[in-house]
Amino acid sequence: MMLMHSSDEKPRRPKVIGHRNGMNGIFFCRFRLSKHTVETIVDDIQETISYPTQRNDFLSPTNQLLLMLMFYASGSFLSVAGDFCGGVHKSTASKTIKRVSAAIAALRPRYIFMPSTPEEIRECRQKFYNIARFPRCIGAIDCSHSPGGNDTEIFRNRKQIFSINVQTVADSDLKIRDIVARWPGSHIFRNSHLCTAFENGTFGDSLLVGDSGYPIKNYLITPLLQTRNEAENLFNTFAADLIKSKLSDDNCRRAHTGGVTNNYNCPSISSERVNESLIRTRNVIERSYGLWKRRFPALALGLRLKVQTTLNVIVASAVLHNISCD
């Protein structure tokens, strides 16, 4: 018996098959990097991690890098990462992760650096100014704890877990411009080369923005949500005048270029607006940490490695993060 369809029946909606990335998408999901990026990194570290002989079923440089990326991306046990390369022993996986992480960490000067030339500093300032109109900023600084360093009590933090306190400076593109992964506890900035560079005037009148955990310097600005004395009131006045001077300069520049400007005097800027501008500008460092740890979950889940290997893993993952941002 045949069923007759009425002529007024609506036609079926055509099936729509969405675009699929195929193997490239699966590769990126497993290793957090594209195939082209992996090939580029292999070319950079091939001479360092290659074995001198081909005995004992050696691991090729590509397989060594993929094993390390599997460990970074999964944050699981060494034996799980070793299963990727035909089930290598966890001791081999440990040695491979140590070798490759040290080789990639050695690329730090090439991929992690502060702006140095006047053109780079000017471009970095402009990008930060476009976020919330905070002037002269070339970086947002903060610290984050990466679980690891189960060595002595000096690595126990306020949350009663063992961790490495990592200080980074991020730019407006969420790239890491400076990293210090060396010590537990606090007082990292005071002992860093970056502090010495700012104290010596290497970056001119440029500024860093940080949270309330950092001291206020003439090159380091932190938010003051509640002023408690006259000095803090003066600081808020200084920050407001800094923003007003930048706005006035912009108005004068638009006037000389034919822009419509009727008043060169900026309205008064409250401390709340100053702090809002500063906090929005500093938010890039929080987003940078989130993207960094989400890309390589091993940093957030914990590293069951020796202290020196843990430090190399942190720096190497920062290098890979910057390569991914490019």
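Residues are numbered from 1 along each chain as its sequence is written, and side-chain values use heavy atoms, with hydrogens and water left out. Because the model is predicted, local features need pLDDT of at least 70 and side-chain atom pairs count only at pLDDT 80 or more, while totals for chains, interfaces and linings use all residues.

**Helix packing**

Two packed helices are described by the angle between their axes and the distance between the axes. Axes are lines fitted to C-alpha atoms, for helices over the stretch in contact, and angles run from 0 to 180 degrees between N-to-C directions. Helices (H or I, at least four residues) and strands (E, at least two) are DSSP runs, numbered from the N terminus.

| Helix pair | Axis distance | Angle |
|---|---|---|
| H2 (residues 35–49) and H5 (residues 90–105) | within 10 Å | roughly 120 degrees |
| H3 (residues 61–74) and H5 | within 9 Å | roughly 95 degrees |
| H3 and H12 (residues 307–325) | 12 Å | about 95 degrees |

Angles under 35 degrees count as roughly parallel, over 145 as roughly antiparallel, 65 to 115 as roughly perpendicular and the rest as oblique. H2 and H5 are therefore oblique to each other. H3 is roughly perpendicular to H5. H3 and H12 are also roughly perpendicular to each other.

Next, the contacts, meaning heavy atoms within 4.5 Å. From H2, Ile41, Ile45, Thr48 and Ile49 meet Arg99, Val100, Ala103 and Ile104 of H5. That contact has 6 nonpolar, 1 polar and 1 charged residues. Here Ala, Val, Leu, Ile, Met, Phe, Trp, Tyr, Cys and Pro count as nonpolar, Asp, Glu, Lys and Arg as charged, and the others, Gly among them, as polar.

H3 brings Gln64, Leu65, Leu67, Met68, Phe71 and Tyr72 to H5, where they meet Ala93, Thr96, Ile97, Arg99, Val100, Ser101 and Ile104. The classes in this contact are 9 nonpolar, 3 polar and 1 charged.

Against H12, the H3 residues are Met68, Leu69 and Tyr72, and their partners are Val313, Ala316, Ser317 and Leu320. This contact has 6 nonpolar residues, 1 polar and no charged.

**Backbone torsions**

Most residues other than glycine have a negative phi. Arg32 has a positive phi near 70 degrees. Arg32 sits in the loop between helix H1 (23–31) and H2. Leu174, not a glycine either, has a positive phi of about 70 degrees. Leu174 lies in the loop between strand S2 (163–170) and strand S3 (176–180).

A cavity is a set of points, on a 1 Å grid over the protein atoms alone, where a 1.4 Å probe fits but cannot get out; lining residues have an atom within 4 Å of a point. Grid points are joined across faces, edges and corners, and a volume is the space filled by probe spheres set on the points. The count is 1 cavity of 30 Å³ or more. The largest cavity holds about 40 Å³ of space. Its lining is Ser144, His145, Ser146, Val166, Tyr289, Trp292, Lys293, Leu299 and Ile314. Strand S1 (137–147) and helix H10 (271–295) are the elements that give two or more residues to this lining. By class, the lining has 5 nonpolar, 3 polar and 1 charged residues.

How values were computed: 1 Å grid on protein atoms, 1.4 Å probe; cavity = no way out; pocket = protein on both sides within 12 Å on 5 of 7 lines; lining within 4 Å.
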